[in-house]
Amino acid sequence: MSGTIVVSNRGPLSFRAGTDGELVRVPAGGGLASSLHRLLAGTGTTWASVTMGEADREAAARGLLTEEGLDLVPVVVDDATYRQAYDVVANTTLWYVHHHLFDLPHRPRLDRYWRTAWDGYRAYNRAVADAVAARAGEGDTVLVQDYHFSLLGRMLAEARPDLSTVHFLHTPFAEPAMLAVLPDDVAAELLDGMAGYGACGFHCHKWEAGFLGCYAAAGRAAPPTFVAPLGPDADVLVAEAASPACAAAGESLRAEVGGRRTIVRTDRMEPSKNIVRGMLAFEELLVTHPEWRGEVVHVAFAYPSRQGLAEYLAYGADVAHTAERINHAYASPETGWTPILLSVEDDRARSLAALASSDVLLVNPVRDGLNLVAKEGPLLNRADGVLVLSREAGAWEELALGGDGALGVNPFDVSATAEALHVALTMDAAARRRRAGALRSAVQARTSADWWADQLAAAGSR
């Protein structure tokens, strides 16, 4: 992939300080960085990413941020700028805008302190622009990933108009009324920054339409757009799920739920994932269909995310309290039934084992750019499990299948979600098998390589 530069906030590895003070390499975990690493390994692609702390900066200074088969470009920013860009703007402003999460009577408060953080976000984008402009060859392709880099397109267009640039957004894009929550000049700067890209990509047409609607509302021309949903790394995922670690985790989980049927979810502990309403829907299922008491367990895996942010810590506490309250109200010590099995550990083997054995997979985000779990579940499941899926997940566009795939739900409607869970649990074996097969085929129709090829094609057509 000579002539291609990838830009992401997180790179394929980072460093932490060991107990002896030495720097310790930490490979990319799950998520976007690990998917990109599998795609790009050994290609010689240039990959620019941002240092994430003092250990990364020291590693960069010592020339340790290297990976065989890749040309890594560490972009050094100081801690204060990184926190402003990543914590304040990207994750508690833009993430909330694009996912429609703000409690508007109270948040956001876009005051002078927030303006300072926006300056930091701009400086963060400028640092990456300078690094890419300095490293890129004549006419190179630059593929930029996600909402951290909303301003980078215009900066690159001005510094290096010879480059072919593509931005891919892994979140939804805000509807015009929600983007209007941002200060007028900030929204205008964001739209101008995105318009600097040669093309902008999305996981589904709904998010593309929101993006285009924001430009129409602002009375300005939008950049070219395309839709390219990401597929799972099927071979890697299936091999991982067949590992001894996953087999052992599966046996342990079966023992823990006592052989009962399971409604499974596996998410980051994050407000947009809508975990609390999922638990409330399960509670309503137990009330409206009491025959399921003692017969089904809601297995909820919610691994920690962005633990430095107060909003995320508060949401985690709400999830834990909801699970405890429901278990206290309905558990049966006599039969050993605990309604909700909540785990907040990042245990990938256990999560994959749960997906493989679930009777129902609940994926009910408020809004989600794609939700790869909604694809991974049907790919791995061996029990003809039923997928209950929010219509606000980007994956809904691919997995609805005209009513023959996932069962769709309004993520805000607790009662309707409870009823969908009942329908899923009572569905006859033939219907379950038919839906599971259709979903598996739909998931297998696209790979991560297809998604990557679509970005390269968008760059070539600019």
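The largest cavity is lined by Leu355, Ser358, Leu361, Gly377, Pro378, Asn381, Gly385, Val386, Leu387, Ala436 and Leu439. A cavity here is a set of points on a 1 Å grid over the protein atoms alone where a 1.4 Å probe fits but cannot get out, and lining residues have an atom within 4 Å of a point. This is a predicted model: local features need pLDDT of at least 70, side-chain atom pairs count only at pLDDT 80 or more, and totals for chains, interfaces and linings use all residues. Residues are numbered from 1 along each chain as its sequence is written, and side-chain values use heavy atoms, with hydrogens and water left out.

About 60 Å³ of space lies in this largest cavity, a volume being the space filled by probe spheres set on grid points joined across faces, edges and corners. Its lining divides into seven nonpolar, four polar and no charged residues; Ala, Val, Leu, Ile, Met, Phe, Trp, Tyr, Cys and Pro count as nonpolar, Asp, Glu, Lys and Arg as charged, and the others, Gly among them, as polar. At least two lining residues come from each of α14, β14 (386–390) and α17; helices (H or I, at least four residues) and strands (E, at least two) are DSSP runs, numbered from the N terminus.

The second largest cavity has a volume of about 40 Å³. Its lining consists of His98, Tyr147, Ser150, His167, Leu169, Phe173, Leu190 and Met194. By class, these are five nonpolar, three polar and no charged residues.

Terms used. On a 1 Å grid over the protein atoms alone, a cavity is a set of points where a 1.4 Å probe fits but cannot get out, and a pocket is an open set with protein on both sides within 12 Å along at least five of seven lines; lining residues have an atom within 4 Å of a point.
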